[in-house]
Every structure is written in C-alpha cells, then in structure tokens.
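I opened my notebook beside this model and jotted down what I looked up. Here are the entries, in the order I made them.

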Amino acid sequence: IWDVVWAQIDLQNVKDALKKFKTGKAGAPSGVTYDFLKVLDDTNLGPILALKQQCLQGLADLNMTKPIALMESLGKLFEWILFTRIVNVLAENGMIDLSQHGGMNGRSTANPIRILAESMEDARESGQELHLFSADVSKAFDTLEYWSEAMSWRALGMPQERPTMLMNMDKEGESEVILGQGRTTSSVQGK
C-alpha cells in the first residue's frame, strides 16, 4: 500500500504542492520565496523536480544543501508532496479514525467545534452533566522520539528504510528569525 507514497514525483505534483503555499512569505538566506518558485516555467522547475527525485531515492539530502540554495522552501515542498501521499494512503486504507480532522483534505476543525458547542448547549438546556477534556496536541509530533515514530510507521506496514528517511527529514533543521534589524544567526533545531 505504501508504493504510491514513493512513486515518481512528476511536474504536476510539484505544481500542485506549490499552490498550497501562501504567497508573500519571507525567504530564507538566499531570498528565494514561494512566490519565486510559483512563477517558474516547466523548464526551470526541471532541476527542482530532479532534486526531489534524488531525495526520494535517497541519493540527495536536502539538509546538506540548505545554505546554498534555500532548501527550506524546497524541503517543505518535498515534505508536502510526501505528506499528501501518506494521508491519502492512510485514508484510503481505513487507517485514520473518522474523528480525525487535523491535516485531512476537506476537513477542518469547524465541525468538531460545532459538535462541542452543541453538546455544551444540550447539557445546559437539559441540566445533564457534561465532562470534557481538552488538550493542546499541536506540538505532539515535535516531542516524539525518532525511534518511536519509526516504530509506528513500521507497525502500519511501511517498508523498513522509509521511516528512516522520514525521520531524517526532521533531524537538525536550521531556523532563523527575521527581525526589523535583520536575521538572527542560524540555530540547529532537534528533538
């Protein structure tokens, strides 16, 4: 079931992923932005597509090229393509609970919030007790150990080498903050 995730990336995959990124965002050290990438024609997107294929095959490491060619944007583009494919595999194979709304195509948090509000209103009007638990899990994946993530992917049947590739995409990314006075120095992020 996972072969579709690692299938050849084509030009349409890149164009579809680029449409998902907001315009007007600041670029990283090289100044390349999503706005710039979105106006590239097919010929100029070719080398980016070739790099994505090399990354998919484990022949290139986006983390090793960040300072030269703004791999932050290209890394996010690659991750978006893989993430979209993974979510589709999980959904098509019934591996996602229907109550899951975050990160799902065609779903938003509007429905669960409406259900919560109606449940609270019903309890108030009927005089019934209502016990709720709410937790902010927005950073949940930022706190998982890599070995635990890899084990979860393998439990879902993902081939052995692929979880390692996914974990390596998260390891030791660099970040900077843009301030009115300029950029901060790079700092390595990790778990």
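Entry: I started with L116, which I found in helix α6, residues 110–126. Helices here are DSSP runs of H or I with at least four residues, strands are runs of E with at least two, and both are numbered from the N terminus. L116 has 38% relative accessibility and so counts as partly exposed. My cut-offs are under 20% relative accessible area for buried, over 50% for exposed and partly exposed in between, with a 1.4 Å probe and protein chains only. Together with M120, L130 and L132, L116 forms a nonpolar surface patch of about 350 Å² accessible area. Patch members have over 30% relative accessible area and no salt bridge; nonpolar side chains (Val, Leu, Ile, Met, Phe, Trp, Tyr) are joined within 5 Å, like charges within 9 Å. The areas come from the Shrake-Rupley method with a 1.4 Å probe, and for residues only the protein chains shown count as cover.

**Entry: ground rules.** I noted that this is a predicted model, in which local features need pLDDT of at least 70 and side-chain atom pairs count only at pLDDT 80 or more, while totals for chains, interfaces and linings use all residues. Residues are numbered from 1 along each chain as its sequence is written, and side-chain values use heavy atoms, with hydrogens and water left out.

**Entry: the whole chain.** I counted 8 helices and 4 strands. Read from the N terminus, the order is α-α-α-α-α-α-α-α-β-β-β-β. Of the 191 residues, 28% count as buried.

**Entry: salt bridges.** How many salt bridges are there? I get 5, taking a side-chain nitrogen of Lys or Arg within 4 Å of a carboxyl oxygen of Asp or Glu. One of them joins D42 and K15, with the closest N and O atoms 2.6 Å apart. D42 lies in helix α3 (residues 42–56) and K15 in helix α1, so this pair ties together parts 27 residues apart in sequence. Both ends are partly exposed: D42 has a relative accessible area of 39%, and K15 has 28%.

E118 is partly exposed at 46%, as is R114 at 41%. I also noted E161 with R162, at 4.0 Å, N to O; R162 counts as buried at 18% relative accessibility.

**Entry: two loop residues.** T33 sits in the loop between α1 (11–19) and α2 (34–38). Is T33 buried or exposed? T33 is buried, with a relative accessible area of 17%. Its C-alpha is 7.0 Å from that of S73, 40 residues apart along the chain.

Q160 lies in the loop between α7 (146–155) and α8 (161–170) and counts as exposed at 54% relative accessibility. From Q160 to A150 I read 8.7 Å, C-alpha to C-alpha. After α7 comes G157, with a positive phi near 90°.

**Entry: a pocket.** The second largest pocket has a volume of about 580 Å³. Of its 15 lining residues, S99, H101, T109, P112 and A135 lie nearest the centre. The lining divides into 7 nonpolar, 7 polar and 1 charged. A pocket here is an open set of points on a 1 Å grid over the protein atoms alone, where a 1.4 Å probe fits, with protein on both sides within 12 Å along at least five of seven lines; lining residues have an atom within 4 Å of a point.

Technical notes:
Grid points are joined across faces, edges and corners, and a volume is the space filled by probe spheres set on the points. Ala, Val, Leu, Ile, Met, Phe, Trp, Tyr, Cys and Pro count as nonpolar, Asp, Glu, Lys and Arg as charged, and the others, Gly among them, as polar.
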